[in-house]
Amino acid sequence: MKTAILASFLASAAAFAPATQSERLTTSLNYEKSPALPFLPYPENLKGYAGDEAGFDPLRFSDFVPMDFLREAELKHSRIAMLAWLGFVAVDMGMKIYPFPAAYEGLTSVTAHDALVEQGAMSQIFLWTGLAETVSLVAVQQMLNGSGREAGDFGLDPLGFLNGKSEEEVKRWKLRELKNGRLAMFAIGGVATQAVLNGSPFPYV
C-alpha cells in the first residue's frame with residue numbers, strides 16, 4: 001500500500017517536471033517562420049490579408065491592434081502618399097492648372113505651403129479633408145464592429161480595374177496597390193527632404 005502511494009506521488013511530480021533541453025529545442029524549431037524575416041515567427045494575424053505571404057510585422061503590431069484598423073491606416077497613408085508624390089513632382093516640373101492664379105506664379109512645392117497658408121487656400125484643404133476623415137472614421141468604426149466592410153474599401157473603382165476579375169486577380173491588384181503605396185510613402189519623404197536640402201527643382205540634385 002505504501003509503495004502504491006509513493007509511486008502515485010512520484011508520477012504526479014514528474015508531470016510538473018521541466019521539459020528537457022531536446023524537447024524545448026524541438027518545440028522552438030517547429031513554429032512557422034516569417035518568409036521576410038526567417039529568424040522571427042510568422043505573425044498569425046496577417047493571414048487572409050493582401051501581402052500576408054511575406055509575413056512582415058517585426059514589431060508585432062498585429063498582435064495588439066486590430067488588423068482591419070492597421071490595414072485601413074496603411075492603405076489610407078499609401079493612397080495619400082501616391083497622390084502627394086505625383087503632385088509634388090508635377091508642380092516642380094512646371095505643370096500648372098488653368099486658369100492659373102497669378103498669386104501662385106513662381107511657387108515651388110516647397111515654397112507653396114507658406115504662401116497658401118497666407119492666402120487661405122490651406123484652410124479649405126483642412127476643412128474638406130477633415131470632413132472626409134470624419135466620414136471615414138464612421139466607416140472604420142462600423143467595420144471594427146463587424147459590418148463586413150473590407151479595410152480600405154470605399155466602393156471607389158471608377159476605371160473598373162476589378163470588374164470581371166477572379167478572386168486571385170483581385171488579390172493581385174490589391175497587392176500591387178499595397179506595394180506601390182508603401183514605396184510612395186518612402187518616396188514622398190525622400191523627395192520632400194531632398195527638395196528642402198538642395199533648394200532645387202526636380203530631380204532635386
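Me: How much accessible surface does the protein chain have, and what percentage of that surface belongs to carbon and sulfur atoms?
Reply: This is a predicted model in which local features need pLDDT of at least 70 and side-chain atom pairs count only at pLDDT 80 or more, while totals for chains, interfaces and linings use all residues. Residues are numbered from 1 along each chain as its sequence is written, and side-chain values use heavy atoms, with hydrogens and water left out. Accessible areas come from the Shrake-Rupley method with a 1.4 Å probe, and for residues only the protein chains shown count as cover. The accessible surface of the protein chain comes to about 14800 Å², and the part belonging to carbon and sulfur atoms is 67%.

Me: What percentage of the residues of the protein chain count as buried?
Reply: Buried means under 20% relative accessible area, exposed means over 50%, and partly exposed is in between (1.4 Å probe, protein chains only). The protein chain has 205 residues, and the buried part is 21%.

Me: Which order do the elements of the protein chain follow from the N terminus on?
Reply: Helices (H or I, at least four residues) and strands (E, at least two) are DSSP runs, numbered from the N terminus. The protein chain has six helices and zero strands. From the N terminus on, the order is α-α-α-α-α-α.

Me: Among contacts between residues at least 6 apart in sequence, what percentage join residues at least 24 apart?
Reply: A contact means heavy atoms within 4.5 Å. Among contacts in the protein chain between residues at least 6 apart in sequence, the part joining residues at least 24 apart is 44%.

Me: What distance does α3 reach from its first C-alpha to its last?
Reply: The expected span of a helix is 1.5 Å times one less than its number of residues. With 26 residues, α3 would be expected to span 38 Å, and its reach is close to that, at 37 Å.

Me: Which helices do the buried residues of α3 pack against?
Reply: The buried residues of α3 include M67, R71, E72 and L75, as well as F88 and D92. They pack against α4 (109-119), α5 (121-144) and α6.

Me: How many residues apart are R79 and E177?
Reply: A salt bridge is a side-chain nitrogen of Lys or Arg within 4 Å of a carboxyl oxygen of Asp or Glu, and the count by this rule is eleven. The side chains of R79 and E177 meet in one of them, at 2.6 Å from N to O. R79 is partly exposed at 28% relative accessibility, and E177 is partly exposed at 26%. The pair links distant parts of the chain, R79 in α3 and E177 in α6, and their separation in residues is 98.

Me: Which residues are linked with K47 in a network of salt bridges?
Reply: K47 forms a salt bridge with E44, with the closest N and O atoms 3.2 Å apart. K47 has a relative accessible area of 42% and is partly exposed; E44 is also partly exposed, at 43%. The network links K47 with E32 and E44.

Me: What phi does R60 take?
Reply: R60 is found in the loop between α2 (21-29) and α3, and its side chain forms a salt bridge with that of D63 (2.8 Å, N to O). R60 is partly exposed, with a relative accessible area of 24%. It is a residue other than glycine, yet its phi is positive, near 60°.

Me: Is Y204 buried or exposed?
Reply: Y204 lies in the segment after α6 and has a positive phi of about 65° although it is not a glycine. With a relative accessible area of 3%, Y204 is buried.

Me: Where is P99 placed?
Reply: The peptide bond from Y98 to P99 is cis, with omega near 0°. The bond from F202 to P203 is cis with omega near 5°, and P203 is in the segment after α6. P99 is in the loop between α3 and α4.
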